[in-house]
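Here is a colleague's note for someone new to this entry. Please read the points with the model open.

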Amino acid sequence: MIARLRADARLLPFLAAIVVVFGLFAAKSATLAQAGTYAAIYAIAAIGLSLLLGNVRQISIGQAGFFGIGAYAVAYCTAVAGWPFWPAAALGVALAAVVGLALGFVALRFTGHYLAMATLAFGLIAVGIFHEAQPLGGAVGISNVPYAQLGGLTLSGYPAYWFAWGVALLAALLTLNLLRGRTGRAFETIRNDELAAEMVGVQTRRYKIVAFAYAGALAGLAGAIYAAYLGIVVPDAVGVPLSIDFLLMVVLGGSGGVSGALIGAALIGFLDIAGHQFENWREVAYGVLVVGVVIGAPGGLVSLLRRAPKSPPRDARLSALAVSRDRRIEAPGDGPPLDVRGVTKRFGGLLALDDVSFVLERGRLTSLIGPNGAGKTTLFNAICGVGRLTGGVVWIGGRQATGWPSHRIAALGVGRTFQNARLFGEMTVLENVTAGTFRTERGSFAADLLGLPATRRAERAALERARATLAELGLEPIAHTYAKDLPFGDRRRVELARAVAAEPWLLLVDEPAAGLNGHERGTLHEDLLRLRDAGTTLLLIEHDMRLVMTLSDRVMVLKFGRMIADGTPAVVRSNPEVIAAYLGTGS
Amino acid sequence: MMQLIVAGLTVGSGYALVALGIHIILRATRIVNFAQGEFTVVGGLFALTFVQVLHVSTWFALIGASVCGFVLGLVFERLILRPAGRSGETGLTIATIGTVFILLYGHALIPGWGSLPQPLPAFTGDASDVFTLGGVTIGVQSLWVFALLLVALAAMYVFAERTYYGKAIRAAANNPLGARLIGIDVASTRAVSVGIAIALAAYGGTILGPITLVGGAAGVAISIKGFVGAIVGGLESPIGCVAGGLIVGVVEKLLEGRLSYGVADPIVYSLLLLALLFFPQGLFGRRAAVRD
């Protein structure tokens, strides 16, 4: 579990207690109860946005659009069509989730400020439609929306406070479940490094869409409760300013988890009512506050409540585990693990790979060498489904895998490390390696959301496996260090551990020895041999000739995108063309 | 029809200057400034103060507002953008949104600025002066808007292409590290870029002041339409931003004239989404060969 979420889980009971105490005080004051109810409604939407912004790093300035969908669904179905509240609310949430899926799909094309603008456009279009749609009452909206009923109780006034907070806390609990499970880990890897996430088998596109749909559904739920509580929905109430309010709440409170969203929503919900006579000043204060938080406490107010431990506490469950493993990992089927045929890759006018073909034999360690710019890493990318090939086909484990997305190739059982060690920086070493097991874990969104026992068991199994991998590679002492705090040599080893944790039968290793000292190179040497002996087929890019010549069963040489030599180390070493490529011909 | 196009080009001039300002800040700092439209409003109010308090003509107010805009831009860069830079792209986006709040609600607190829009005096004659050209009635103020837009664009072009400092700014925007290595003070070129962008916003708010009034809550809409223009034309292309801004103005006026006031905005925003999806580099942007 991510350290941030552990703090979150601890804060939640305190926040629930505050809600109860405040609720008891609010029994006497209609104003307080009203402020508290609004805070709860905002909180539901803010929790969704917090997940989107803080856990998946996708900004949205269009959440009010989803809020509006939920609100209008309830208003129309109850006030116009005469439905009861609950089916109307369910319809609103479902509609918001579906539109969220669609927006998530669109959002895949954008990052950063382009995404901010695309979501802003969505919010503007939604409010424009509410304005123009005559069945929805145009500019005057829909009024006389009946209160929600629950078991004979009318959810208005004071009871509404408890109802809204009940829903908000339930949403918080479910969201926390989700974030603590496999889904949450997938989000976390996306937030840290999308390419590396794909390489451990995370379907980044799918998870981003899921996050948008989930955030949309929660905003829709908030809107549904809002419509029944207030009794009227107008387009201007669900416009861009509300979207920005949601963003303010999440940024003020702190994104990525539920407590920040609850705190931010409570703060804004309360100030909205309490600061009524200070109009303009109040909004200016919001602006100053938000700029101040971005500058002074980027983690939000909640980050001031918890001190981020430099090295997070050990997870007690993990202390007594078997560390030795006997394993044998082989490529499935009879075919070769990797069969590259005529692969060509062109970047504009540059021919980076020119008709490259080779077949790897199972259980062998093959090295790929060549001068800088020869196309070695490009070849790795071609095998792993990064970018589109100009020509040629790639067979992996007997499957025609050309054009597959990276996560699907990873899921076959292919591991990869990067030249510059792409770790998930804001996750600990143990969390990084646990993420490595992603493709071998099973799990579903619903099971994660409900925190079913099966999910918890699977989580524990994943942790145990990661732990065993760390033990095997001697990395236990740094298990709870954040990856971004590691020295370079350790980063490389952790990346290797992450790739190995999923027990790949084909492992592509990109310049593992670069930047390592002599001792570290020795360890690396042993690690690679051990992997090969366990049955893994290895393809290694390396510049350290001593390492290459002593380790390799076979060496391939790439120059300007063409394979110029291929054979045993001894044969390649004496190849005149290779010598020319490395030492120059003098002409 | 022509009537609507002229009206569109007039408001589009304002969007064009906002889009150009967004482009300049983006180039220099990699920040998309969501508050650009608010600076347009505040700039127009600066001009109003010059006219009302110092009793100068709108011409002098234009110069004064631009200078004030430049200084305000330096302050904005130093107090908000630079410190927020450590919080990443999302943090910066949010910081500029916070700035929207400060300016939008803050200007209403200043005596004399209020929250109701007020007109600036016309540049020449009366604000309602018109002349007819081939059956099309054109406001004299619209002509001044076009002329002053051209003046600003010409000045920007000369500054960026012909002056040493303009070249330094472009170098720093292209490659901050390289620029630093050859002795360009990147921090100050960034600050000046933001200053220029905000000065342009103030300039735009003032030249349109006699027609569209200054003050009020129009800033958010101006920002958004400036973006739409920048995206349609291409965020990375200055000419594209100006053209995009003008196009948005014309499309908006045509839709308002032909359909109804209410449907114009959703259609313009749908255009934004479509442009983002299908022409992310804009009409005038170049698609770079991407090496992945």
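**Notes on the model**

1. A:Leu360 sits in strand E4 (residues 350-360) of chain A. Strands (E, at least two residues) and helices (H or I, at least four) are DSSP runs, numbered from the N terminus. This is a predicted model, in which local features need pLDDT of at least 70, side-chain atom pairs count only at pLDDT 80 or more, and totals for chains, interfaces and linings use all residues. Residues are numbered from 1 along each chain as its sequence is written, while chains are lettered from A and ligands numbered from 1 in the order in which they are written.

2. Is A:Leu360 buried or exposed? A:Leu360 counts as buried because it has 22 C-beta neighbours inside 10 Å. The cut-offs, with C-beta atoms placed from the backbone, are 20 or more other C-beta atoms within 10 Å for buried, 12 or fewer for exposed, and in between for partly exposed.

3. Leaving aside neighbours within four places in sequence, A:Leu360 is in contact with A:Pro336, A:Pro337, A:Leu338, A:Thr366, A:Thr537 and A:Leu539. Contact means that the C-beta atoms of two residues, placed from the backbone, lie within 7 Å. A:Val340 is 20 residues from A:Leu360 in sequence and 8.7 Å away in space, C-alpha to C-alpha.

4. A:Arg456 belongs to helix H18 (residues 453-472) of chain A. A:Arg456 is partly exposed, because 14 other C-beta atoms lie within 10 Å. A:Arg180 is 276 residues from A:Arg456 in sequence, yet the C-alpha to C-alpha distance is 9.3 Å.

5. Now the domains. Chain A is assigned domain 1 (3-29 + 48-240) and domain 2 (338-583). These bounds come from an automatic or database domain assignment. The C-alpha centres of the two domains of chain A lie 40 Å apart. Their contact takes 22 residues from domain 1 and 28 residues from domain 2.

6. On the domain 1 side, helices H6 (157-180), H7 (182-192), H8 (194-199) and H9 (204-230) of chain A each supply at least two residues. H7(A) has the largest share, seven residues. That side divides into nine nonpolar, eight polar and five charged residues. Nonpolar means Ala, Val, Leu, Ile, Met, Phe, Trp, Tyr, Cys and Pro; charged means Asp, Glu, Lys and Arg; the others, Gly among them, are polar.

7. Which residues form the contact of H4(A) with H5(A)? A:Leu103, A:Val106 and A:Ala107 come from H4(A), and A:Leu115, A:Ala118, A:Thr119 and A:Phe122 from H5(A). By class these are six nonpolar, one polar and no charged. Helix H4 (residues 85-107) of chain A packs on H5(A) at about 150°, with the axes 10 Å apart. Axes are lines fitted to C-alpha atoms, for helices over the stretch in contact, and angles run from 0 to 180 degrees between N-to-C directions. H4(A) and H5(A) are therefore roughly antiparallel. The bands are under 35 degrees for roughly parallel, over 145 for roughly antiparallel, 65 to 115 for roughly perpendicular, and oblique for the rest.

8. Last, the two chains. Their contact takes 40 residues from chain A and 37 residues from chain B. Helices H5 (112-132), H10 (240-253) and H12 (281-296) of chain A each supply at least two residues of the chain A side. H5(A) gives the most, with 14 residues. The chain A side divides into 28 nonpolar, eight polar and four charged residues.
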